[in-house]
Each structure stands twice: as structure tokens, then as C-alpha cells.
Amino acid sequence: MSCPVYQHDQAMRRHFHEAAAQRGFSVAPAQEAAVERLARLAAELARPAWTFPRRPRDLYVWGPVGRGKSWLVDTFYEGLPTGRKRRLHFHDFFRRLHDGVTGPAARRDGQSAVDSALDDLIGNSRVLVFDEFHAHDAGDAMLIARLFRTLLDRRITLVTTSNYPPAGLMPDPLYHHLFEPTIQLIEERMDVLDVTGPVDFRRVAASQPASGGGRRFATGLCLAPGATALEELALTVPAPTEATGVQAHLRQLPARAVRGELVWFGFDALCETATAVPDYLALAERFTTLVLDGVPPLAEASADGRQRFANLVDVACDRDVRLVLIGSDPLTALPAGQALTRDLDRTASRLAMLRRPDGARPTGPGGQ
Ligand SMILES: Nc1ncnc2c1ncn2[C@@H]1O[C@H](COP(=O)(O)OP(=O)(O)OP(=O)(O)O)[C@@H](O)[C@H]1O
Ligand SMILES: [Mg+2]
């Protein structure tokens with residue numbers, strides 16, 4: 001016999017508290033409303049669709065970096081007792097959509113390539129969790145609008161996280177108007193939950209050595225060249241003979257070394273040449289440790305190099321790749337208050353999780 005519906009929200013609530021306890025923390029006051037709403041959603045989704053005349057309302061969870069948004073929606077996702085669910089990360093969504101649009105199975109039954117790629121992404125799911133929703137250009141606007149329409153047409157529930165309140169999406173004034181219809185749709189159709197609490201949990205964790213919730217990303221390092229941690233981790237500097245090409249998305253990238261699940265690149269080879277998110281995702285699928293040497297202070301990198309690096313950090317964090325940065329602390333010497341890269345505070349929050357064996361404190365926007 002299946003559980004009465006109300007038991008599903010209790011089970012989900014319990015699941016949240018157990019998941020937090022396992023990681024050594026408790027649900028924060030600013031997260032309580034989201035836990036409550038996600039627990040209710042779990043109960044709504046547990047009902048057969050025909051007993052539920054209206055589709056459950058979608059959820060839009062937003063707040064500044066490190067407030068536990070991804071943890072909330074990932075924990076919800078794990079705890080949902082259905083196979084009909086999908087979780088997508090923003091970068092992954094665009095990569096898969098792009099592959100679908102340009103790949104061999106692009107056209108089917110007269111459907112547009114975008115629609116059939118969306119079909120493949122969504123499958124038969126009843127709920128879609130979409131982490132780190134943001135939009136920066138006209139292409140994003142078109143694809144996201146299409147995604148929303150498809151989800152609504154198919155009565156699929158969307159749970160999304162973002163660093164932006166809906167009205168702040170697509171901040172570039174050049175493109176903002178293109179996104180206004182989608183913002184309106186979000187405000188009408190989604191319950192918007194603000195989880196802005198007083199602390200960035202990543203920075204709190206960074207000040208407590210041994211924390212990190214068992215994530216590989218949190219075992220990453222930020223090292224000065226020649227630092228002793230190089231030997232401790234058997235990270236001997238690659239010999240020239242170890243140089244090799246590594247297949248990324250649609251191209252070979254020149255690595256300084258490949259050692260089992262570790263790949264070693266120079267910053268310039270990965271971030272100052274025309275690489276893109278699909279390349280980083282391909283690397284994250286194959287390697288568990290990514291070493292990047294020759295890292296400059298980001299203020300000295302090119303604008304594209306900074307953006308690529310920010311995307312690389314996003315992908316490494318989401319895919320739980322250990323990142324070892326050798327060179328300057330990338331966030332040093334950033335001019336105060338200057339947005340050198342879109343969403344740089346997200347990068348700074350993630351980089352705060354890397355250990356600095358010399359005891360240096362992470363720097364950068366929001367650093368303490
Ligand atoms: N209540 C809490 N107390 C302490 N740590 C927490 C709490 N909630 C989440 N965390 C931890 O804080 C870290 C950051 O959480 P998470 O990645 O979910 O943040 P986020 O809001 O998604 O940030 P971003 O906007 O940068 O993506 C994770 O290691 C997570 O396990
Ligand atoms: Mg997140």
C-alpha cells in the first residue's frame with residue numbers, strides 16, 4: 001500500500017534534517033520556509049496526476065552565493081520517491097541543448113531542433129530541478145523561454161535556484177527587455193522563495209579546516225608555485241615529455257600531463273584560448289582532479305580569460321572535481337567593487353572552499 005500523501009511531506013522534512021545532520025549542520029532559519037515548501041511539493045508530487053486538478057506550483061529559490069540553495073534542491077531531489085525526475089545544471093542544460101540542436105538526431109517529425117533536444121533533456125520526468133538559473137544574452141533568453149513554455153505545456157514542475165530575484169534576471173540593459181516576458185511568467189507561475197541569510201556557508205566552512213561535507217571540490221588547493229603541498233600530494237611538476245593532447249568537447253587541448261584521473265593544464269592553455277563550458281564539462285566527466293598552473297591574479301587576465309575561469313570553477317564545483325590552482329591567488333588585487341566578471345562573487349565563494357596550505361585567507365569580493 002502506498003503512503004498517505006501527508007506522510008510524504010513529513011518524510012521529506014525528516015530527510016532534510018537528516019541530510020543536514022549527516023553533514024554536521026542544521027537547517028538555517030533562512031532555509032526553513034524553503035524546506036517547508038519543498039516538503040509540501042514532495043507531497044503534491046506524490047499524488048497521482050489525475051487526483052490533482054492543477055499542476056503543483058513551480059518554485060524559484062533565490063539568494064546570494066553560498067546560502068545552501070543547491071543543497072536544498074539537491075536534497076529535495078534525492079529524497080523524491082520517483083524515477084520521473086531530472087536535475088540539470090545551467091551549463092549542462094546549454095551544452096546538451098546545443099549538442100541536440102547540432103547533433104545527428106537534430107530533426108524529428110518536423111519538430112524544431114530545439115524542441116526535440118528539449119524532449120530528450122526532459123524525458124518523461126514530472127519534475128525538473130534546474131540549478132543556477134541565470135541569463136546573460138539573447139541566445140539564453142530564447143532557449144530559456146522555450147524551456148518554460150515546454151514545461152508548462154507538459155505540466156512538468158520546475159524547481160530552480162538562482163542568485164538573482166526574477167526581476168534581476170538578464171541584468172544587461174541591452175537585453176533585459178528580451179527577458180521581460182519570461183520574468184512575468186516566472187512571477188505569475190512560480191512561488192518565489194528568498195533564502196537570503198546572513199552568511200555564505202562556504203566561507204564559514206573555509207574557516208573550519210576539516211569541513212567540506214565530504215566533497216572532493218572542498219579538498220582542492222590554492223598554492224604558490226613550488227609550495228610544499230606539491231610534494232605532499234605527489235603533485236610533481238610535469239616533465240616536458242608528459243605533455244599530451246586531451247580530447248575535450250570538439251577539440252584536443254594541450255595538457256601538461258595526464259596521470260590517471262588527474263589532468264594538468266597551464267592557465268593560458270585552458271582559459272586564454274578559445275575553450276568553452278562544454279570542454280570543461282567533458283574534462284569533468286573524465287577527470288577527478290584538475291591542476292591549473294600559471295594562474296595569474298584575475299585582474300591581469302583578459303576579460304574572456306576571466307569569464308572562462310569563472311565558468312571552469314562553476315563546472316568543477318558542480319561536478320565535484322578537485323581543483324588545484326598554482327600561481328597567484330586569482331582573487332588578489334581585484335579593484336574593490338569592480339565587477340570584472342559577471343557573477344564573480346559566485347567564483348569567489350567557491351574559491352573560498354579551496355585550502356591555502358600556507359594559511360593565507362581567501363580574498364576577493366565578500367571576503368572577510
Ligand atoms: N544550514 C547550513 N549550515 C551550514 N552549511 C550549509 C547549510 N546549508 C548548506 N550548507 C553548505 O553550504 C555550502 C554552500 O551551499 P550551496 O552550494 O548549496 O550554496 P548555493 O546557495 O547554491 O550557492 P551558489 O549561489 O554559489 O550556487 C555547501 O557545502 C552546503 O552543504
Ligand atoms: Mg548553487
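The legends below describe close-up views of a predicted model.

**Figure 1. The protein chain as a whole.** The protein chain has 13 helices and 12 strands. Of its 368 residues, 39% count as buried. Among contacts between residues at least 6 apart in sequence, 77% join residues at least 24 apart.

**Figure 2. The shell around ligand 1.** The ligand is surrounded by 21 residues, and the closest are Phe-25, Gly-68, Lys-69, Ser-70 and Phe-201. By class, the shell holds 7 nonpolar, 8 polar and 6 charged residues. Three helices, α3 (69–79), α8 (201–206) and α13 (344–351), each supply at least two residues of this shell. Ligand 1 lies between domain 1 (5–194) and domain 2 (204–351), because both domains give residues to its shell.

Figure 3. Helix α13 is one of the helices that supply at least two residues of the shell around ligand 1. Of its 8 residues, 7 are buried, so the helix is largely enclosed by the rest of the structure. The buried residues are Leu-344, Arg-346, Thr-347, Ala-348, Ser-349, Arg-350 and Leu-351. The C-alpha atom of Asp-345 is separated by 8.7 Å from that of Pro-64, although the two residues are 281 apart along the chain.

**Figure 4. The largest nonpolar core.** This core has 47 residues, of which Leu-290, Leu-292, Ala-316 and Leu-325 touch the most other members. Helix α12 (residues 303–318) gives the most to the core, with 7 residues. Leaving aside neighbours within four places in sequence, Ala-316 is in contact with Phe-217, Ala-284, Leu-290, Val-321 and Leu-323. Another core, of 45 residues, lies apart from this one and has Val-35, Trp-62, Phe-93 and Ala-117 among its members.

**Figure 5. Strand β4 and its two partners.** Strand β1 (residues 58–62) pairs with β4 in the parallel sense over 4 bridges, and Leu-59 stands opposite Val-159 of β4. Strand β3 (residues 127–131) also pairs with β4 in the parallel sense, over 4 bridges. In that pairing, Phe-130 stands opposite Thr-160 of β4.

**Figure 6. Two loop residues with positive phi.** Most residues other than glycine have a negative phi. Arg-155 is not a glycine, yet has a positive phi of about 60°. Arg-155 lies in the loop between α6 (138–153) and β4 (157–162). With 12 other C-beta atoms within 10 Å, Arg-155 is exposed. Asp-320 is not a glycine either, and has a positive phi of about 55°. The loop that holds Asp-320 runs between α12 and β12 (322–327). Asp-320 counts as partly exposed because it has 14 C-beta neighbours inside 10 Å.

Note on methods. Residues numbered from 1 in each chain as written. Chains lettered and ligands numbered in written order. Predicted model: local features only at pLDDT ≥ 70, side-chain atom pairs only at ≥ 80, totals over all residues. Near = placed C-beta within 6 Å. Nonpolar A, V, L, I, M, F, W, Y, C, P; charged D, E, K, R; others polar. Domains from an automatic or database assignment. Core = buried A, V, L, I, M, F, W, Y, C linked by C-beta atoms within 7 Å. Buried ≥ 20, exposed ≤ 12 C-beta atoms within 10 Å, placed from the backbone. Contact = placed C-beta atoms within 7 Å. Pairing = 2+ DSSP bridges.
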